[in-house]
Amino acid sequence: MERPRRLRSPLLRPLVAEVELSPRHLVLPLFVKEEGEKEPIPSMPGVFRYPLKELAQVAEEALRAGLGGVILFGVLPESAKDPLGRGAYAEDGVVQRALSLLKKAFPELLLIADTCLCEYTDHGHCGVVRQGPLGFYVDNDATLELLAKTALAQAQAGADVVAPSAMMDGQVRAIREALDRGGYPHVPILSYAVKYASAFYGPFREAAASAPQFGDRSGYQMDPRAGLWDALREAHLDDLEGADLLMVKPALPYLDVLFALKGRLAKPLFAYQVSGEYAMLKAAALSGYLEERRAVLETLYALRRAGAQGILTYYALEAARWLGEG
Ligand code: PBG
């Protein structure tokens, strides 16, 4: 009789286990603000906004834990925002200041910069907003220039990787050209290539104060009901435009997409376990409905099994600790 259980004995289980998960696969998202105190984010218990002066501490923890890197998001007071999101590309913008501070203090920690405008625009959209006959729209090609400037400013400040997340058509090409022309041909692009218009970004928008003031992002982010063709098209375009790493976001609700892309492109795939996924797990854990450690590691194994090389997750530090405990 065929007995799958024969391979489930304590001595054989580790030998036939395929999926590897190490701290080096995990990237920790960090919210950075200019001033004030370290501040908890209500919908993401355990996650904080860090003032520049307290950033080194958490960066050092990430380094000690052996994480693959950190990704930085800027948090601005409303009064510092404007329609064109100047804070994103200003030489002394908060992310640029964080990058140069961290690169000096921890040259061996991989720094990824999220390249978008929504945290810096007063209207909260990821690009330049204009009025059209049918209401507002986001002007794709005018936005490209600003995203390119942002990526260049981030590279100049010390970003090891730039990560465009605005979902503008042609953004990867525009950024690649700007980096090449600006003297940063060696800086890779991690593209949020396949990014859905998702309810799971809710807590992030609270954390970064980046919710759109009107309308939503469905004119540029992907429709969850779209077929696989949309994911393939987005991934192939970013591949052709010169992305070095391709990401699917959110993670768990789009495992099928991740799995379908695996092996189709000769580039590493990443997954972003987003704020709402974190909030969901954390809320269940705090209510005692789920065993946190097992549930979280199970989701991370699932992402690795489906094809993610790297995983962006707010659980990165805790997961690294759990993995170390064996
Ligand atoms: C910026 C950006 C967002 C996230 C990452 N980059 C917000 C959005 O698109 O609304 C979401 C990350 C998360 O939810 O954890 N565009």
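**Cysteines at the ligand site of a predicted model**

The UniProt record, an unreviewed entry, places the feature "binding site" at Cys-116, Cys-118 and Cys-126. In the predicted model described here, these cysteines belong to the set of residues around the ligand, which also includes Asp-114, Ser-165, Ala-166, Tyr-201, Phe-204, Arg-205, Val-274 and Ser-275. When the residues of this shell are sorted by class, 7 are nonpolar, 2 are polar and 2 are charged.

Two of the annotated cysteines were examined in detail. Cys-118 is located in the loop that joins β5 (111–115) to β6 (128–132), and Cys-126 lies in the loop between β5 and β6 as well. Cys-118 has 26 other C-beta atoms within 10 Å and is therefore classed as buried. For Cys-126, 26 other C-beta atoms are likewise found within 10 Å, so that this residue also counts as buried; the threshold for this class is 20 or more.

The contacts of the two residues were then listed, with neighbours up to four places away in sequence set aside. On this basis Cys-118 is in contact with Gly-124, His-125, Cys-126 and Ser-210.

Most residues other than glycine have a negative phi. Met-167, by contrast, has a positive phi of about 60° although it is not a glycine. Met-167 is placed in the loop between β8 (161–164) and α6 (171–181). This residue counts as buried because 24 C-beta neighbours lie inside 10 Å.

A positive phi is also found at Ala-209, where the angle is near 50° in a residue other than glycine. Ala-209 is part of the loop between α7 (202–207) and α8 (228–241). With 17 C-beta neighbours inside 10 Å, Ala-209 counts as partly exposed, because the count falls between the limits of 12 for exposed and 20 for buried residues.

A further backbone feature concerns a peptide bond. Most peptide bonds are trans. The bond from Lys-249 to Pro-250, however, is cis, with omega near -10°. Pro-250 is found in the loop that runs between β10 (245–249) and α9 (255–261).

The fold as a whole was considered next. The protein contains 12 helices and 12 strands. Its C-alpha trace spans about 70 × 45 × 40 Å along the principal axes. A compact globule of 326 residues would have a radius of gyration near 20 Å, and the value for the protein is 20 Å, so the two agree. Of the 326 residues, 46% count as buried. Among contacts between residues at least 6 apart in sequence, 74% join residues at least 24 apart.

The confidence values of the prediction complete the description. The mean pLDDT of the protein is 97, and 100% of its residues reach 70 or more. For the model, the ipTM score is 0.96 and the pTM score is 0.97.

Terms used
Residues numbered from 1 in each chain as written. Predicted model: local features only at pLDDT ≥ 70, side-chain atom pairs only at ≥ 80, totals over all residues. Near = placed C-beta within 6 Å. Nonpolar A, V, L, I, M, F, W, Y, C, P; charged D, E, K, R; others polar. UniProt positions renumbered as here; feature names shortened; annotations may be inferred. Helix = DSSP H or I, 4+ residues; strand = E, 2+ residues; numbered from the N terminus. Contact = placed C-beta atoms within 7 Å. pLDDT = per-residue confidence, 0-100. Rg over C-alpha atoms; globule rule 2.2 N^0.38 Å.
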